[in-house]
Amino acid sequence: MPRKKPDPPPGPAYPPHPHAPPILPHPDPSVFEHPMRFTSFYPLPYLNTKNTSSRYLKDENNTWSGRRAAQDALHARIEGKRPRVEGSEEAGGGSTTLQDASPAARTIVIHPGSRNLRIGRASDALPLSIPAVVARRTHQRTGTMPQPPPAETEAEAPPPAAKDEEAMEVDGELGAKPPGDVNGDAEDPDAPAPEDPFEAKLQLIHGDLRTRMRSYKLRGTTNGQGMAAAYNASVVPETVRDLNDPYAVGWTEVGEGEGEAWVGEEALKIPDPEIAGYEVRWPFRRGDFNTQSYDRARVLLGDVERLFTSALVDGLGVGRGAFKEMSVILVIPDSYTNEYVRELCDLLLNTLNFRQICLQQESNCAAFGAGLSSACVVDIGAQKTSVACVEEGIVLPESRMSLAYGGDDITVFFHQLLARANFPYREADLARAWDWALVQDLKERLITLSETDYGVALTDFYVRRPGRETLKYTLKTYDDVIKAPYALFATRVFDFVRKFEGEGERRRRMWAGPARVEEIDIGANPVTAAMHISTMHLAPQAPPPPPPAAQPLPSLTPAGSPRPELPEGQAPGSSRPASPAPPAPVAPQALPFDIPREASKMPLHVAVVNSIIATQAPDRVRRFAESLVVVGGTGRMRGVAWGLETRVQPLLQQHSPSIDRVQVIPAPRETDPALLAWKGVAVLARLDAVADLWVRREDWRDLGLKAIRDRTICMQ
């Protein structure tokens with residue numbers, strides 16, 4: 001009987017493709033016992049590591065940054081040996097080329113702010129400071145004039161104070177005493193609370209001022225507020241002709257054939273932007289892009305590009321073609337966002353075509369400019385106040401605080417107080433650029449935080465309006481000059497609801513889209529430990545866990561005697577009373593409020609204390625308490641060091657009783673606190689250590705934010 005042929009192995013359910021490559025047999029048949037045996041893929045055998053060695057990621061040459069440094073060194077040697085043709089005597093010229101300039105002269109330092117842009121070469125003594133505003137021509141009239149940057153307060157300026165002397169309270173020999181007078185006497189506890197919310201919040205500032213005056217044994221001028229209001233109501237302006245006005249303003253002349261955009265002072269000097277067909281907008285707002293005034297990202301970034309280009313070309317005299325040979329150092333806020341860093345880096349490296357970029361945080365630059373390696377930096381800007389602790393040249397991320405108020409809010413509040421005291425220039429409107437500049441100048445000259453520096457004072461100011469003659473007014477002030485900066489420590493006078501209205505939705509809508517999503521962590525954590533400490537009083541306390549079920553205890557001990565009674569609160573089997581369990585903390589995701597938003601409403605002295613406490617270590621707390629640095633435009637205010645020291649020390653001693661001194665270190669001599677951060681980073685640009693922090697244009701195009709993260713210390 002013939003032998004039966006074995007059945008062929010089951011083949012595929014479909015015939016193979018005629019052009020498919022043949023499947024080679026594997027040398028080890030046991031491999032086909034793998035679950036993937038019905039595929040053409042088979043796993044590779046394990047690598048025998050006995051005689052194998054590798055230097056992968058064990059040397060700097062294995063990283064892209066190490067290879068880039070080696071290439072830069074090679075290119076530098078090649079450029080050094082290359083003969084100079086441009087600008088040499090053989091070429092017939094004696095001028096110095098950009099390659100021959102020092103590295104500091106080829107480095108541009110840019111510090112954007114909500115109000116001003118500070119830009120200049122690292123070799124310059126002072127930067128060029130221009131208003132960060134752009135006016136673009138539109139084909140239709142705008143609804144409202146968005147200049148200057150909005151600084152929201154609780155309400156519009158209240159009506160002027162009543163001049164009826166009968167409404168004033170008479171106090172014997174002290175004479176008439178208005179409700180706003182400060183003379184060290186206690187307030188009447190039975191006095192009815194004011195119905196106006198603004199007046200009610202103003203009474204809090206007034207009470208704080210009276211308390212501090214009594215503690216320092218100071219006494220104010222009797223009826224000082226009434227004297228100032230009565231004098232201001234009788235002021236008649238004096239006309240000053242243009243020929244006699246040495247500070248006459250040269251207004252921007254706009255016509256049909258004028259440019260499409262104006263930048264800086266020229267934009268603010270347009271007599272009437274609405275009639276002229278211009279829209280005035282500020283690209284930056286509170287340390288970020290201004291998403292309130294812009295609807296599209298392209299328009300916003302176009303204004304930022306125009307602002308940078310105009311400052312470099314017209315202000316510094318740097319040609320557009322020289323950008324590719326220059327480096328740029330960008331000063332970013334302590335609390336930044338991914339969109340802010342990404343778009344500015346892309347604008348500077350790809351659009352403006354700079355050679356390389358380096359990023360530094362504001363607090364780190366300010367501490368470096370003050371000559372300190374460790375400090376608690378308080379930056380009081382125009383629309384934002386930031387607090388952060390710097391240790392050995394690095395900003396401690398958990399100590400960062402970003403407050404949603406600044407010098408512009410003080411300006412608006414000061415104008416409201418002046419209106420209550422019969423401000424002579426009653427037509428003042430802060431929506432007009434020239435009126436804003438007038439009140440801003442009065443604020444910088446008059447306000448103080450020292451209780452010994454204010455009193456009834458007389459000052460002059462000039463009103464310069466387009467198309468009209470200059471008017472000279474005389475103003476008498478009293479306690480308004482100290483109540484205005486007191487708002488930094490009593491922030492309830494600011495309307496935060498209006499500040500944050502629609503802000504989150506506008507930001508998400510502007511930066512939405514798959515092309516702009518880049519999930520790379522660069523340290524832009526919006527919630528810090530200092531913010532958690534500031535909002536602990538708002539967090540709901542979770543109920544304590546229920547006690548465990550009690551086990552039935554025998555009525556007698558093993559010896560047969562009755563069990564002794566335990567003290568109240570003592571657990572069986574322990575010799576100490578049981579302490580009550582602390583309430584369980586609530587997870588941040590379950591909190592019914594936005595932590596960064598609520599923390600941004602904290603008073604300034606509370607934010608400074610919480611930032612220092614967030615550093616945790618006792619030696620750090622003492623070191624930062626003795627090295628406070630106040631920078632920013634509002635940091636030039638008189639008495640700011642005194643006002644901050646006397647408020648921070650009592651609060652800090654409640655946490656650390658060993659703290660016996662809080663000290664604000666002043667800025668170096670003849671150095672403007674507003675320029676301290678720029679000066680610090682300009683000095684940093686001259687050091688050799690900055691060579692390891694540059695990100696080349698090619699690196700940005702290849703790696704994006706990853707290159708920024710790897711070469712920036714604060715983002716690692």
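A residue is called buried when its relative accessible area is under 20%, exposed when that area is over 50%, and partly exposed in between, using a 1.4 Å probe and protein chains only. The legends describe a predicted model, in which local features need pLDDT of at least 70 and side-chain atom pairs count only at pLDDT 80 or more, while totals for chains, interfaces and linings use all residues. Residues are numbered from 1 along each chain as its sequence is written, and side-chain values use heavy atoms, with hydrogens and water left out.

**View 1. Pro526, an exposed residue in a loop.** Pro526 lies in the loop between α13 (503-510) and α14 (529-534), where helices are DSSP runs of H or I with at least four residues, numbered from the N terminus. Pro526 counts as exposed because its relative accessible area is 51%.

**View 2. The surroundings of Pro526.** Leaving aside residues up to four places away in sequence, Pro526 touches Met531 and Pro596, a contact being heavy atoms within 4.5 Å. Arg400 is 126 residues from Pro526 in sequence, and their C-alpha atoms are 9.3 Å apart in space.

**View 3. Helix α2 packed with helix α9.** Helix α2 (residues 197-215) and helix α9 (residues 407-420) pack at an angle of about 100°, and their axes are 13 Å apart. The two helices are therefore roughly perpendicular, a term for angles of 65 to 115 degrees.

**View 4. The residues where α2 meets α9.** Phe198, Glu199, Leu202 and Ile205 in α2 meet Phe413, Gln416, Leu417 and Arg420 in α9. The residues of this contact divide into five nonpolar, one polar and two charged.

Note on methods: Axes fitted to C-alpha atoms, helices over the stretch in contact; angles between N-to-C directions. Parallel < 35°, antiparallel > 145°, perpendicular 65-115°, else oblique. Nonpolar A, V, L, I, M, F, W, Y, C, P; charged D, E, K, R; others polar.
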